Amino acid sequence: MGVTLPILILALPFFMFLLLGIGGVKMSRKVAGILGILGMGTTMTLAYIVAFTYFFSGDPAFILDGVRQQFQVFDVTWLAFTEKLVVKIGFLLDPICAMMLVVITTISFMVHLYSWGYMEGERGFQRYYAFLSLFTFSMLGLVVATNIFQMYIFWELVGVSSFLLIGFFYRLPSAVSASKKAFIVTRFADLGFLLGILTLTYFTDTFNFVDMTSNPMNVLAETGGATFMGASVLTWAMVLIFTGGMGKSAMLPLHIWLPDAMEGPTPVSALIHAATMVVAGVYLVARMFPVYCVVDASMTFVTVVGAITAFYAAVVACTQIDIKRVLAFSTISQIAFMMVSLGVASTGGVGDGHHYTGLGYMAGMFHLFTHAMFKALLFLGAGALIHAVHSNDYTKMGGLRKYMPITHWTFLIGCLAIAGIPPFSGFFSKDEMLAAMFNNNWIWGAWMTMVAGLTAFYMFRLYYLIFWWEENPDYAHHKPHDAPWQMSVPLIFLAAVSCVAGFIPFGELVTWNGAPYHIHLEAPVACTSIIVALAAIALATKMYMKKNDLPTKFKNALPGLWTAAHRRFYWDEIYLFITHKIIFGCISKPIAWFDRHVIDATMDGFAKVTQKVSFAIRGMQSGNVQAYVLWYFFGALALAFITWICLL
Amino acid sequence: MDLNILWYLVPSVVMFAAGVYGFVTRKNMIAMLVSLELILNSADLNFVIFNRFLFPDSMEGMVFSLFAIAIAAAETAVAIAIIINIYRAIGSTDIVETNKMKH
Amino acid sequence: MVGNIILYFVVALAIVIFSIMAVTTKKILRAATYLLFVLIGVAIFYFQLGYEFLGAIQVAVYAGGIMVLFVFAILLTHKPNANAAPLGSHRKIAGILASVIGGGLLLWALFTMPMLETSEGVRSLSDAIAGGPDISMKMIGRAFTGTEKYQYLLPFEAVSVLLLACIIGGVTVARKR
Amino acid sequence: MFGNILIWFVIIPVLMMAGLGLCRNSSMAAIRTVMVVGSTILLALAIWLCVDFLALRAAGNDAEMLFTGSWMWYAPLNIHLAVGVDGISVLMLMLSAIIVFAGTFASWKINPLPKNFFLWFALLSTGVFGFFISIDMFTMFMFYEVALIPMYLLIGVWGTGRKEYSAMKLTLMLMGGSAFLMLGLLGIYWHSAPEGGELTWNILEIAKNNAVDPSWQNLLFCFTFVGFGVLGAMFPFHTWSPDGHACAPTAVSMLHAGVLMKLGGYGCFRIAIYLLPAAANELAWIFIILTGISVVYGAFSACVQTDLKYINAYSSVSHCGMVLFALLMLNTTAMTGAILQMLSHGLMTALFFALIGMIYGRTHTRDIRQMGGLMQIMPYLGVCYMIAGFASLGLPGLSGFVAEMTIFFGAWEDSDLFHRVFVIAATCSIVITAVYILRVVGKLLLGKVQDEHHWQLTDATWFERLSTVTLIACIAGIGFFPNWINETIQHSFLPIVQAIQNAI
């Protein structure tokens, strides 16, 4: 494969960013929108060509003896730290990368199209498209990274695009603070990532993924068994790197930025905070998967963090009022699902004897793919609702199924997919994940099945509260209606994908080592999860389909728990306390005070003392000749005296 | 008993000490100038005395005294001119008053 | 010989007394007068030491020229019945201290100087005068107009320039604007 | 002598001063013409030098310094006007030329006494350029002083707020540093040749002789490092910086933070570390502690400031602390990072101060509590401010990222616990930087417009745009294509690192 297409895939969005960012002011909205959509459409086409060439051309560079290869299309030096540690910018084509190219460009294109309708009439329309292009560029750069440092570079760039897009409505103080929070929290996580890279590459002397993952035992050997505080250095490095992933993928306890990030425009939430950027953490773990597998402790850490987060987010999602926040917590929960799935996988041998070892990896990636589609669908659906009702709050909705049929049906498909009902895509990927978990340890399996049940429950709670329950009387003045075609087309397309994506032979395409993997349904696991999901849906139907007082009763039965969950278990308050009270109040302010009143005062003190002394001795320079003579004379006498003493 | 070097030096020392006292304590600038003349004269005298008693063959001490007298005369003339000028300006020859020049 | 000694005592006493009075009297005109006596005393010493020309110059320049300047200056700036203002006592004490300690130190140095152990140190005046040549005007003139060793043409010219500068300076400064 | 290109870096500012002298005080057009022509020539000269230098290097000229020249100046003390540049000096000259160029446009409407302002400004540039071309310690020191003195007048006369106090404080503290420096330089001079050899001020010869007695090195290292460190805003000698910057007029802040503070870092490695390598190895830890404190301390202090210039001044303390911190790591990568950080900080702080000046010129306040939502009113300036902020917090694609990463990777090469702890502390500063930058951006540019009067304000004029675009182009240029700069710097560090290695 030539380098032209891959370079274009990266260059085109960046060029669009510059074009729309610098020239956008001079363009009309329509031109800017069409340019953005066309640019993204072209990028999508190119990405499809690259991905399909990779998967299906049969080129020995891509697939050798049935095993998919990692192929570096190009890798140019960007910055040489030392002779060995050289940062390169390149394009690594392998199964997960090709899959991500498809996911990112598809969703990005859908969001571009959708935004044309959704953002119509907003100020800064051109700027919005510029930022979308910037984000797409950064995200593509992240997934095609050939080395961990390139990933870090684009990791930061997606962070900043996310910041810019969350804060798009920058006149709203809430949007500003949300964007700030998102950036700082992920930045803090990136600090861990950076330290992890530093530690890891100190030993490996290379940034390159292929070098590290093709021979992970070497990496372990290179660290030479060094330990720090009881854990091996490699464990520390991998955990630190994972910290970066925790930040971007909103794992506990660094999840707090994601719900607030919903202040951004809804299509942005669909693109960045549901489908693509937030799975960067999962992608990172998948990228470094063989190295993670070398140190069990780090894998366990990934699993435990994922499991706790998944449950936490699912519980919180059951109590949120803002529909976008429900979806945000649902996203957190689903990403945690993928993390657990990766965490329980390992690099066993190839073949049926080791059937389950790599399953978690494959399933996690599969879920990443399907989740991206149906979560984007749900978010875009939520966008259509907000567009119609002008509120994020489900209490302002209810009974919308009659007014907005397209939105209703596509949203329902999304809910069914996420709940894991066959034949929608979510069922297949979730089933594979659960199978992998059960195989690793039944506790994980059971725990995550419970989370899956909660997922079905809160999604249908949301669905019923929006589309059933009771109609909002305001509809009389302002009749909600379906969105324009620019918004409906993406909804329908994504719904269609969600219906059929489950039948993609994913195991043939994406596995950790490239060897094909045959998917077959595990009947017991599948049945359990379907039953749990159906039960949860049934419960939701009972509680929320028609207006009744069950939810209130339920709420009153467990007031403490409900409030705690509603307030997201007070994580925000804890963070506020740490940042405002401790960092600002107990560190920054005292330091600033210290600087002014101790260090600066010392310097001023020197000046003051000098001044005092000069004032004190100024009297001697009075201009009084007689005094001078006296001083002079006594000085001469003193000299004489000293001479005399010396002569004695 | 004959006059030797010490005899002549003692009055010179007294003149000098008196000159120092006068210069430090007097407030009138002309009086200070008078004290200054005393000091100068004591120095001149010393030149001559040492010349006479220690190096009778040469006359450098005397020559220097001559120069000193000439320069003292010049200095006094200028000083008095200045004093008179100050007196014109501030109406006093008091050394303390001359601080007014600063303002 | 004895006359010389008597003359010495008279003059020395006059110098001591009048120099002290010159700096302690309250009237400036009197101070100038006492200074005149001191200057004449010094001139007599010059004569006694065998430097007639120097003594003459002393009388002419100092007693004659400078004193006249002083008197004129005093009369020009003198306010009737304006005695010198009383001095601050600490300045007076400092002055006494300075002069007494300074004078004492000098006297002590005089009487203990090692030179007194040598023959030159205790040479008498008559020996000293006999030991040196008579100083004639010719010698003095040579000394001032030659450029050899121990001849002082350059300082002489420098002094003349200085005097010229002084004349001009004096005129400029004292001139009424 | 005039055939040497480097000399012209000093001559042109002097000619500018002469030209300004001929202008009438009221004739703004003539003054501007002289300044624009002069600074453009300087910029062109710097670019030409850079290209020429790279061409010579590419042609295989491996001498430590190129374009060298030496002319006796004062024979009894063997003082020469000795010039020469390596890659680092070339980049520093380039940086200075860019900032002088941008600074000229940033002070387009300086008032009052424009002629005098630009005269001092040109004198300041003379000092700066002279410093970077010198390889004779004495000449270097002289130019250093030439650069410092105009600062007093520029702040004292054209400043705002407590300008006399700040100018005095800045000058006195820097002069205090100079005093240490003079002692150190004299000490090096007296030990510059082995017993019986001819003493010299020439840096290259001193390095070659390597004759400074080890027992003296420690003392002299402390003197020179502290001397230059004061200018590099090393804790606890940094307090001139916030007050000085806050009161200085725009162009002076730009030049001061952009170039003058770099003199400190440059001197630290060119003299303290290069000429006294044994002491550098032995005493680095003390200064690592101090500079490590600078980095974190400056960042935390910046978090609670409310004056835009104070925020930037403390941010400079943090970033310049990073420069010295990296230099003290004594390995090629970290030191290269330090130079990159100098360039990056120079450009981005200059941009910051230029923007602050422009904003202040419109709103007449620098208190972030009294401003808000400026992005709606002056989008161009707002976007530039954000870009400067992103450069400051190390966004990839802008210069700050390249510099910081090079520093961290270099610093990580020392694997003992002491270094590790301080490097981790320093890396934490990137988070704190993000906090204060976003705090400012959030309060100043985003949100609601605080003051209704601000709606009448206008966006940037053409000369302001020119000034900012130049700086942004350079920031992004380094951020996108860092490797050629990186290689140039690394090559220039070879002799220095070699000296350090030999001294262990």
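The model is a predicted one. The largest nonpolar core holds 446 residues, and a second, separate core holds 75 residues.

**Contacts between chains**

- The contact between chains B and C draws 73 residues from chain C and 62 residues from chain B.
- On chain C, the helices that each supply at least two residues to the side touching chain B are α1 (2–24), α2 (28–48), α3 (52–77), α4, α5 (125–131) and α7 (153–174).
- Helix α3(C) provides the largest share of that side, with 13 residues.
- Sorted by class, the side of chain C that touches chain B has 52 nonpolar, 17 polar and four charged residues.
- Chain C also meets chain A, where five residues of chain C are in contact with five residues of chain A.
- The side of chain C that touches chain A has four nonpolar residues, one polar residue and no charged residues.
- Chains B and D do not touch, and their nearest C-alpha atoms are 25 Å apart.
- Chains C and D are likewise not joined by any contact; their closest C-alpha atoms lie 33 Å apart.

- Helix α1 (residues 5–25) of chain B packs with helix α4 (residues 89–112) of chain C at an angle of about 160 degrees, and their axes are 8 Å apart.
- Angles over 145 degrees count as roughly antiparallel, and α1(B) and α4(C) are therefore roughly antiparallel to each other.
- The crossing of α1(B) past α4(C) is right-handed.
- On the α1(B) side, the residues that meet α4(C) include Leu6(B), Leu9(B), Val13(B), Ala17(B) and Tyr21(B).
- On the α4(C) side, the residues that meet α1(B) include Ala94(C), Ile96(C), Gly102(C), Gly103(C) and Leu106(C).
- By class, the contact of α1(B) with α4(C) has 15 nonpolar, five polar and two charged residues.

**A helix pair within chain A**

- The axes of α16(A) and α18(A) come within 8 Å and cross at roughly 155 degrees.
- With that angle, α16(A) and α18(A) are roughly antiparallel to each other.
- Helix α16(A) passes α18(A) in a left-handed crossing.
- Residues of α16(A) that meet α18(A) include Leu359(A), Met362(A), Phe366(A) and Met373(A), while those of α18(A) include Ser425(A), Lys430(A), Glu432(A) and Met433(A).
- This contact of α16(A) with α18(A) has nine nonpolar, seven polar and two charged residues.

**Nonpolar cores**

- In the largest core, the members that touch the most other members are Val285(A), Met339(A), Ala376(A), Ala326(D), Leu351(D) and Leu355(D).
- Helix α16 (residues 359–389) of chain A gives the most to this core, namely 21 residues.
- Leaving aside residues up to four places away in sequence, Leu351(D) touches Cys384(D), Ala388(D), Thr468(D), Leu471(D), Ile472(D) and Ile475(D).
- The second core includes Ile30(B), Ile69(B), Ala22(C) and Tyr51(C).

**Backbone features in loops**

- The peptide bond from Pro422(A) to Pro423(A) is cis, with omega near 5 degrees.
- Pro423(A) is in the loop between α17 (405–419) and α18 (425–440) of chain A.
- Another cis peptide bond joins Phe235(D) and Pro236(D), with omega about 0 degrees.
- Pro236(D) lies in the loop between α8 (214–231) and α9 (240–247) of chain D.
- Asn78(D) is not a glycine, yet its phi is positive, at about 60 degrees.
- Asn78(D) is found in the loop between β1 (66–74) and β2 (79–85) of chain D, and is partly exposed, with 19 other C-beta atoms within 10 Å.
- His364(D), also a residue other than glycine, has a positive phi near 60 degrees.
- The place of His364(D) is the loop between α13 (332–363) and α14 (374–377) of chain D.
- His364(D) is exposed because 10 other C-beta atoms lie within 10 Å, and a residue counts as exposed at 12 or fewer.

**A residue in a helix of chain A**

- Leu539(A) lies in helix α22 (residues 523–544) of chain A and is partly exposed, with 16 other C-beta atoms within 10 Å.
- The C-alpha atoms of Leu539(A) and Phe154(A) are separated by 44 Å, and these residues are 385 residues apart along the chain.

Notes:
Residues numbered from 1 in each chain as written. Chains lettered and ligands numbered in written order. Predicted model: local features only at pLDDT ≥ 70, side-chain atom pairs only at ≥ 80, totals over all residues. Helix = DSSP H or I, 4+ residues; strand = E, 2+ residues; numbered from the N terminus. Buried ≥ 20, exposed ≤ 12 C-beta atoms within 10 Å, placed from the backbone. Axes fitted to C-alpha atoms, helices over the stretch in contact; angles between N-to-C directions. Parallel < 35°, antiparallel > 145°, perpendicular 65-115°, else oblique. Left-handed = near helix turned anticlockwise from the far one by under 90°. Contact = placed C-beta atoms within 7 Å. Nonpolar A, V, L, I, M, F, W, Y, C, P; charged D, E, K, R; others polar. Core = buried A, V, L, I, M, F, W, Y, C linked by C-beta atoms within 7 Å.
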